[in-house]
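Some notes for your read-through follow.

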Amino acid sequence: MMTQLFKNVSGVVLLVENLDACLKFYRDVLDLQVIFSDDVSHAFKMQDQDFVLLQVSAAAEQISPAAVAQAGNRMFLCADVEDVDAAYQALTAKGVEYIQPPTDQPWGMRTSYFADPAGNLWEFRRQIPTPQK
């Protein structure tokens, strides 16, 4: 039996073409606190997880141009929120265009979907409470 190599994902790095537009989106629209910045990246505070925006060209230098070109630059991220509808209203007021407004899903979650300026997809979600009998 093999031992599990890791227990959780402790960081997310989004590869982006337009670092400035993405910084403005995550800092000014989603209200994330910047904890580090340089010419090619911005890191944000998100509880126990690193969340970083990294310029695609810097990732190509760091890893390899072929690997970065093959991987593309889109992700689908899921974030738990206290109230999907309130988050939807708050971000809509800041100009975020949603792909799907708050919807109850058959798998027991209330979700809404939007994209950041780089095309990375976000799901805001909350477990739908089960009625008590």
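1. The largest pocket is lined by 16 residues, and L32, M46, A79, W122 and F124 lie nearest its centre. Its volume is about 350 Å³. A pocket here is an open set of points on a 1 Å grid over the protein atoms alone, where a 1.4 Å probe fits, with protein on both sides within 12 Å along at least five of seven lines; lining residues have an atom within 4 Å of a point. Volume is the space filled by probe spheres set on the points, which are joined across faces, edges and corners.

2. This is a predicted model: local features need pLDDT of at least 70 and side-chain atom pairs pLDDT 80 or more, while totals for chains, interfaces and linings use all residues. Residues are numbered from 1 along each chain as its sequence is written, and side-chain values use heavy atoms, with hydrogens and water left out.

3. Which strand gives the most to the lining of the largest pocket? Strand 5 does, with 4 residues. Strand 4 (49-55), strand 5 and strand 8 each supply at least two. Helices (H or I, at least four residues) and strands (E, at least two) are DSSP runs, numbered from the N terminus.

4. The protein has 4 helices and 8 strands. From the N terminus the order is β-α-β-β-β-α-α-β-α-β-β-β.

5. An open sheet of 4 strands has the order 5-8-7-6, with mixed pairing. Strand 5 (76-80) and strand 6 (98-104) are its edges, each pairing on one side only. Pairing requires at least two DSSP bridges between two strands. From one strand to the next, the twist averages 15 degrees.

6. Strand 5 and strand 8 (residues 121-127) run parallel and are joined by 5 bridges.

7. Axes are lines fitted to C-alpha atoms, for helices over the stretch in contact; angles run from 0 to 180 degrees between N-to-C directions.

8. Helix 1 (residues 19-29) buries L19, C22, L23, F25, Y26 and V29. Buried means under 20% relative accessible area (1.4 Å probe, protein chains only). Of the 133 residues of the protein, 37% count as buried. Just after helix 1, D31 takes a positive phi of about 60 degrees.

Conventions
Buried < 20%, exposed > 50% of the residue type's maximum accessible area, 1.4 Å probe, protein only.
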